[in-house]
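Trainee: I would like to learn how to read the local features of a model. Please take them one at a time.

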Amino acid sequence: MKILIHCINFAPELTGIGKYTGEMAAWLAARGHEVRVVTAPPYYPDWKVGAGYSSKFWRRERWQGADVWRCPLWVPARPGGIKRVLHLASFALSSLPVMLRQLLWLPDAVWVVEPPLFCAPTAWAVARLSGARAWLHISDYEVDAAFDLGLLKGKALKRVVLAAEHWLMRRFDVVSTVSQRMLERALSKGVEAQRLVAFPNWVDVSAFLSASGQAYREELGIPPGAVVALYSGNMGRKQGLEIMAQVAKLCAEQRQGSDRLWFVFCGNGVGRTDLIAECQGIPNVRFMDLQPTARLPDLLAMADIHLLPQRADAADLVMPSKLTGMLASARPVVATAHVGTELGNVVRMCGIVVPPEDPVAMARAVFDLAVNQPWREQLGQAGRQYAVHQIDREAVLQRFEKELTHIPGQTVEQA
């Protein structure tokens, strides 16, 4: 089968959408499908084009069995509001001629990921002109998030943009997203139920079975017997990272057992500098850059507790991709989420959910887990079992391949 993937984020990015699109393309190619990817040079989450890549020129490469076209784009040093819009638009424009070129290839399926929604019209047009199946995958509801987070403002602008989004989403043959609540939101935007497909983020559970975080603890100088609370992932605006500095400070002020509790913040992004500044003077806090994918299981195994902050106004607009690794690592999670959100429902069975933007409640949850090892182990194992049965990589991608290749009203031979 010929599969054309259109996405702004792709391997070798280590986190977020790029991680998953890279793994998906490699998996499909290994299964014998012909895979082409139209994407940008890696830039996320540092908001800086990676070494060896250019933001100004087109480039073609071969990556793990897939043909990849890298298209230029503008990458702002500090994204926000109109800068982010221009950033996304620059890729949509530069990738347009490369996507149109794929018409000669005659793909069987065109798969595009949101964000950016700017790419969806081109992907849909290429699919229609080539007779391919048009598939829109929603990783984040970027339009809703942009207005809810204050990145875009104005009632009139919101009405126009949402109307365009609704019209476009209804044009696709298949619309998928990563959680049940996000599927329900797609339904509310006018997508017919028979066109909706659940396509959750996944994790290679087997990679975590023999993981050990001892090497990382030694590298960071963390003493034996210490309890580590870890945040690992993008450090951006949607995470509400400031709460972690407040939690670390509150836990440091606890008299009993506070010297055994360490915080490790691992990641890159526009919010990292501010977080470092807010943690000045707080003992037992360590910072790390994002780690290579091959070391992720050991990194997450270093933790005794995982931290998952999320802003209240981002609830059910995104499903944090970092959660999959946390679950597979068999460590409990402390997350900020409202009761009834999908994130809250998942974390409730493998950790503690506290109200968003409530550092006192989050600090109390972290401290309660820190002093109760049996409880940590019980919750961690519940998370591991969820990962095994619900989001294991092989099972998720096999279901996706089945949906992709068994198209109603159209016969497509598998490669």
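The dialogue below goes through ring pairs, backbone geometry, salt bridges and surface patches.

Mentor: This is a predicted model: local features need pLDDT of at least 70, side-chain atom pairs count only at pLDDT 80 or more, and totals for chains, interfaces and linings use all residues. Residues are numbered from 1 along each chain as its sequence is written, and side-chain values use heavy atoms, with hydrogens and water left out.

Trainee: How are aromatic pairs read, and how many does the count come to?

Mentor: A pair of aromatic rings is described by the distance of the centres and the angle of the planes. Rings of Phe, Tyr and Trp (its six-membered ring) pair if their centres lie within 6.5 Å; planes under 30 degrees apart are stacked, over 60 edge-to-face, and the rest tilted. The count here is 12 aromatic pairs. Take Phe10 and Trp63: the centres are 5.2 Å apart and the planes stand at 70 degrees, so this pair is edge-to-face.

Trainee: Where do Phe10 and Trp63 lie?

Mentor: Phe10 is in the loop between strand 1 (2–6) and helix 1 (17–30), and Trp63 is in strand 3 (residues 59–63), so the pair ties together parts 53 residues apart in sequence. Helices (H or I, at least four residues) and strands (E, at least two) are DSSP runs, numbered from the N terminus.

Trainee: Is Phe10 buried or exposed?

Mentor: Buried means under 20% relative accessible area, exposed over 50%, and partly exposed in between (1.4 Å probe, protein chains only). Phe10 is buried, at 0%. Now compare another pair. The rings of Tyr43 and Tyr44 have centres 6.4 Å apart and planes at 80 degrees, so they too are edge-to-face. Tyr43 is buried at 4% relative accessibility. Tyr44 is partly exposed at 23%.

Trainee: Which residues do ring pairs link into a cluster?

Mentor: Tyr20, Trp111, Trp135, Phe199, Trp202 and Phe400.

Trainee: What should I look for in the backbone?

Mentor: Most residues other than glycine have a negative phi, and most peptide bonds are trans. Look for departures. The bond from Ala11 to Pro12 is cis, with omega near 15 degrees. Pro12 sits in the loop between strand 1 and helix 1. Tyr44 and Pro45 are also joined by a cis peptide bond, with omega about 10 degrees. Pro45 belongs to the loop between strand 2 (34–39) and strand 3.

Trainee: What is the phi of Leu106, and what is the phi of Asn284?

Mentor: Leu106 has a positive phi of about 55 degrees, although it is not a glycine. Leu106 lies in the loop between helix 2 and strand 5 (109–114). Asn284 has a positive phi near 60 degrees. Asn284 is in the loop between helix 9 (272–278) and strand 11 (285–288).

Trainee: How do I read salt bridges?

Mentor: Side chains of opposite charge can pair when their charged atoms come close. A salt bridge is a side-chain nitrogen of Lys or Arg within 4 Å of a carboxyl oxygen of Asp or Glu. The structure holds 17 of them. In one, Arg59 meets Glu61 at 3.2 Å, N to O. Arg59 is partly exposed at 34% relative accessibility, while Glu61 is buried at 12%.

Trainee: Which parts of the chain do Arg217 and Asp304 link?

Mentor: Their side chains meet at 2.6 Å, N to O. Arg217 is in helix 7 (residues 214–220), and Asp304 is in the loop between helix 10 (296–301) and strand 12 (305–308), 87 residues apart. Arg217 is buried at 13%. Asp304 is buried at 17%.

Trainee: What does Glu219 form with Arg295?

Mentor: A salt bridge, with the closest N and O atoms 3.1 Å apart. Glu219 lies in helix 7 and Arg295 in the loop between strand 11 and helix 10, so the pair ties together parts 76 residues apart in sequence. Arg295 is partly exposed at 28%. Salt bridges that share partners also join Asp144, Glu165, Arg185 and Lys189 into one network.

Trainee: Which residues form the nonpolar patch on the surface?

Mentor: Patches are made of residues with over 30% relative accessible area and no salt bridge: like charges are joined within 9 Å, nonpolar side chains (Val, Leu, Ile, Met, Phe, Trp, Tyr) within 5 Å. Accessible areas come from the Shrake-Rupley method with a 1.4 Å probe; for residues, only the protein chains shown count as cover. Trp74, Ile82 and Leu86 form this patch, with about 320 Å² of accessible area together. Leu86 lies in helix 2 (residues 82–101) and is partly exposed at 46%.
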